[in-house]
Amino acid sequence: MPEERLEEIVDLFREAPRELRLQLLLDYANGLPELPAHLVADHDAMEQVRECQTPFFVAAEREGDGYLLYFDAPPEAPTTRGYAGVLARGLSGAGADEILGTPSDFFLRMGLQELISPLRLRGMGAILARVKRIVVEQENAAAG
Amino acid sequence: MGVPTDPFEKFQAYAHPDRLVSTEWLAERLDDPSIVVAESDEDVLLYDTGHIPGAVKIDWHADLNDAVARDYVDADGFAQLMSSKGVGPDTTLVFYGDNFNWWASYALWVCSLFGHADVRLLDGGRQKWIDEGRPLTTDTASPSPADYPNVARDDTRIRAFRDDVLAHIKAKGRLVDVRSPAEYSGELTHMPDYPQEGAIRAGHVPTAANVPWKRAANDDGTFKERPALEEIYREEIGLSDGDDVIAYCRIGERSSHTWFVLTHLLGLPNVRNYDGSWVEWGNAVRVPIERPGHPVRPPLD
């Protein structure tokens, strides 16, 4: 199970005062977990998300009934790290149904449009889309 | 009395040496109350991860753009913004930022629309400051509000709109497309590795020369020296002081960088930035577009 429900994180942002929303995103950027040793050693096992402006990598690994999500983005791209941190906390460990059922525009309800240009905000959607694709591929592979 | 110009030797060859400051110069003046340092970034969180001590944040999207119309803030909004950042009409405003000072140049250009007199750019921007191991802080600056008058924005001198560009093509004015070669040729509507920013058509404004913005910069984020810039803009594409020039890119940030180079480093007197740029042009109905392998459509008169 994820550490927090993604819906709860969305509510947290939406209900926060405008001036605190960026601070919250920074908290999630800072809270992005380090890569586990096996992905540090085998970084090629991660997929690069080309839609992002900065080098950004994602991996989803099946464990039990859920998928563990891993993200890698450089410290000089805190906004991208923040997007990844929100998804890591809100979806890592979730089952395929929950991940695939996440609305692709969930981030529009976080109240960030006034603070981040809509075109930049789409990066969050691009990351989720990539996670979903990897999960679908792995589900298909597992189903044989 | 104004803040003196940075005497750094490289700057003295530029047309307007007073528009640039070096990291050394700035580092010695962080406590000068006549100077406000402002960070303007592509990444909206970068300021909060650490910035030059005392620097305020001016965000292109949240602060400089109107929240409803695709336009900049009005006189009242600009005066409020400047006031809240502790900037008075006589303040020396020094911009710096990430990504080769794109958004710092853009913010400087917007301030120039409002006629703010003393605007300067930190040569090398955030990258050079950090590479030199200079101090950063996460303490958000909280300046005392300053008095700033309501000044009408002058969109005629250094800003171009779509209709201006159409008239400019007819008048055989000079156009500089500062995007990457793939965007210019129409293979891409957006920067390599950047999100697609929603242009329906690809190519360039007919008659525009392609000089990617980065050709004016060194790898450390600083501007090239004047002779190298003369070579590119005056020799290679033949710009001269008598030309009426419009620069554009995709949403006006990279062309602000080139606008700064042409106006302040080379001293061309008539340079405008078309901030609507390709996101507007590539979506507009029946504006002429040039793409290699095709005639200009619709044809120019």
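**Helices that cross**

Guide: Let's begin with a pair: helix 4 of chain A passes helix 6 of chain A in a right-handed crossing. A crossing is right-handed if the near helix is turned clockwise from the far one by less than a right angle, and left-handed if anticlockwise. Helices here are DSSP runs of H or I with at least four residues, strands are runs of E with at least two, and both are numbered from the N terminus.

Visitor: What should I know about the model itself?

Guide: This is a predicted model, in which local features need pLDDT of at least 70 and side-chain atom pairs count only at pLDDT 80 or more, while totals for chains, interfaces and linings use all residues. Residues are numbered from 1 along each chain as its sequence is written, chains are lettered from A and ligands numbered from 1 in the order in which they are written, and side-chain values use heavy atoms, leaving out hydrogens and water.

Visitor: At roughly what angle do the axes of helix 4 and helix 6 of chain A cross?

Guide: Axes are lines fitted to C-alpha atoms, for helices over the stretch in contact, and angles between N-to-C directions run from 0 to 180 degrees. For helix 4 (residues 78-91) and helix 6 (residues 118-143) of chain A, the crossing is at roughly 40 degrees, and the axes come within 10 Å. These two helices are therefore oblique to each other; under 35 degrees counts as roughly parallel, over 145 as roughly antiparallel, 65 to 115 as roughly perpendicular and the rest as oblique.

Visitor: Which residues make the contact?

Guide: Contact means heavy atoms within 4.5 Å. Helix 4 of chain A brings A:T80, A:Y83, A:L87 and A:L91, while helix 6 of chain A brings A:R120, A:L121, A:G123, A:M124, A:I127 and A:L128. Seven of the residues in this contact are nonpolar, two polar and one charged. Ala, Val, Leu, Ile, Met, Phe, Trp, Tyr, Cys and Pro count as nonpolar, Asp, Glu, Lys and Arg as charged, and the others, Gly among them, as polar.

Visitor: What is the angle between helix 1 and helix 2 of chain A?

Guide: Helix 1 (residues 6-15) and helix 2 (residues 18-30) of chain A pack at about 145 degrees, with their axes 8 Å apart. Their crossing is right-handed. A:I9, A:L12, A:F13 and A:R14 of helix 1 meet A:R21, A:L24, A:L25 and A:Y28 of helix 2 in chain A. That contact divides into six nonpolar, no polar and two charged residues.

**Sheets**

Visitor: In what order do the strands of the chain A sheet lie?

Guide: Two strands pair if DSSP finds at least two bridges between them. In chain A, three strands form an open sheet with the order 1-2-3 and antiparallel pairing. Strand 1 (47-48) and strand 3 (66-72) of chain A each have a single partner strand, so one side of each is left without a neighbour in the sheet. Seven bridges join strand 2 (residues 57-63) to strand 3 of chain A, and A:R62 has A:Y67 as its bridge partner in strand 3. Helix 6 of chain A lies across strand 1, strand 2 and strand 3, at about 35 degrees to strand 2 of chain A.

Visitor: Which strands make up the chain B sheet, parallel or antiparallel?

Guide: That open sheet has five strands in the order 6-10-9-7-8 of chain B, with parallel pairing. Its edge strands are strand 6 (159-160) and strand 8 (209-210) of chain B. Four bridges join strand 9 (residues 245-248) to strand 10 (residues 271-274) of chain B, where B:A247 is partnered with B:N273.

Visitor: Where should I look for exceptions in the backbone?

Guide: Most residues other than glycine have a negative phi, and most peptide bonds are trans. B:F100, not a glycine, has a positive phi of about 60 degrees, in the loop between strand 4 (92-96) and helix 6 (102-113) of chain B. B:K172 also has a positive phi, near 60 degrees.

Visitor: Is B:F100 buried or exposed, and what of B:K172?

Guide: Buried means under 20% relative accessible area, exposed over 50%, and partly exposed in between, with a 1.4 Å probe and protein chains only. B:F100 is buried at 16%, whereas B:K172 is exposed at 71%. As for peptide bonds, a cis one joins B:R297 and B:P298, with omega about -15 degrees.
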